[in-house]
Amino acid sequence: MEPPKKSGPPRRSGPGGPKRPTGAKPGPGSRPARPPFKKAKTAPAKPANPHPARAAAVASGKNEPQRIAKLLARAGIASRREIERMIEEGRVTLNGEAVTTPATLLTSLHGIAVDGNPVAAPAPTRLFLFHKPSGLLTTERDPRGRPTIYDKLPADLPRLMPIGRLDMTTEGLLLLTTDGEFKREMELPSTGVPRTYRARAFGEVSQNQLEDLFEGIEIDGIRYGQIEANLERRTGRNQWIEMTLTEGKNREVRRVLEHLGLQVNRLIRTSYGPFHLGELASGAVEEVRQHDLILFRKSLKAPK
């Protein structure tokens with residue numbers, strides 16, 4: 001006796017069902033075979049019309065034009081934000097006429113003046129390490145007359161801008177530069193430049209609590225990113241804690257440790273990127289060699 005045949009639809013012979021025998025003609029009512037699909041050729045995209053300043057620069061072989069605010073910051077006049085305020089106040093002129101927008105594109109600072117003084121071409125970027133003592137504000141001037149870092153800096157230095165800030169009672173490494181654009185790059189969280197601090201704090205904390213900071217933490221609606229923290233040693237009820245972070249939000253180290261129930265009574269920044277405080281005496285200044293600065297700038301991530 002033959003085994004019973006399985007019921008159900010016939011098996012497909014492959015993807016798409018059974019194939020028609022080669023040479024077979026389609027039956028009545030069937031659709032004619034579609035011609036093979038051909039991708040339509042697309043015309044090459046036309047480049048967008050360039051800004052007139054860019055087109056003129058390309059035609060003359062000059063440098064790529066940049067925003068005036070960026071060029072002035074690069075020349076060490078001030079930070080971008082301060083330059084934008086200067087432009088709003090009508091203090092920046094081009095060939096005697098007031099510049100009306102910080103988005104003005106230029107290939108050089110030729111013809112630019114600030115407060116009636118011609119702006120010279122930017123000199124090579126310079127970077128200085130300063131061991132900031134406690135008790136100084138990181139600002140150019142204070143309305144209340146409190147001492148600032150500029151009261152302590154030697155008079156023969158060029159005009160310098162601080163990279164980031166340190167609180168009045170925070171001491172340690174403060175970077176100073178002649179280049180406003182470099183200052184901006186170093187301060188942006190997207191460039192990922194690490195800052196390391198040593199904090200002496202009163203209270204109790206465990207290494208496990210500090211390690212939890214590696215995932216970041218939110219305090220009073222403010223999100224603080226990844227922090228690497230280690231308990232160095234205890235002296236009585238004081239703890240020495242080393243913390244490395246890349247964002248540098250306002251009073252970040254103090255706020256995070258206070259959130260853990262600690263009272264910070266001394267805070268020292270020991271490094272910023274590859275630059276270390278080392279044995280630099282309090283109040284002393286040291287310039288970074290051009291070779292080392294150039295190598296570091298090449299290693300920086302492009303700011304977003």
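**View 1. Buried residues of helix α7.** Helix α7 (residues 252-259) buries Glu252, Val253, Arg254, Val256 and Leu257. Buried means under 20% relative accessible area, exposed over 50%, partly exposed in between (1.4 Å probe, protein chains only). Helices (H or I, at least four residues) and strands (E, at least two) are DSSP runs, numbered from the N terminus. The cover over the buried α7 residues includes β10 (195-202), β11, β12, β13 (227-235), β14 (238-245) and β15 (263-272). Contact here means heavy atoms within 4.5 Å. After α7 comes Gly261, with a positive phi near 90 degrees.

This is a predicted model: local features need pLDDT of at least 70, side-chain atom pairs count only at pLDDT 80 or more, and totals for chains, interfaces and linings use all residues. Residues are numbered from 1 along each chain as its sequence is written, and side-chain values use heavy atoms, leaving out hydrogens and water.

**View 2. The open sheet β3-β2-β5-β6.** Four strands line up in this order, with antiparallel pairing. β3 and β6 (117-118) are the edge strands; each has a single partner, so one side of each lacks a neighbour in the sheet. Two strands pair if DSSP finds at least two bridges between them. Three bridges join β2 to β5 (residues 112-114) in the antiparallel sense. Leu94 sits opposite Ile112 in β5.

**View 3. Asn95 in a loop.** Asn95 lies between β2 (92-94) and β3 (97-98). Its phi is positive, about 55 degrees, although Asn95 is not a glycine. Asn95 counts as exposed because its relative accessibility is 63%.

**View 4. Asp220 in a loop.** The loop between β11 (217-219) and β12 (222-224) holds Asp220. Asp220, not a glycine, has a positive phi of about 50 degrees. At 75% relative accessibility, Asp220 is exposed.
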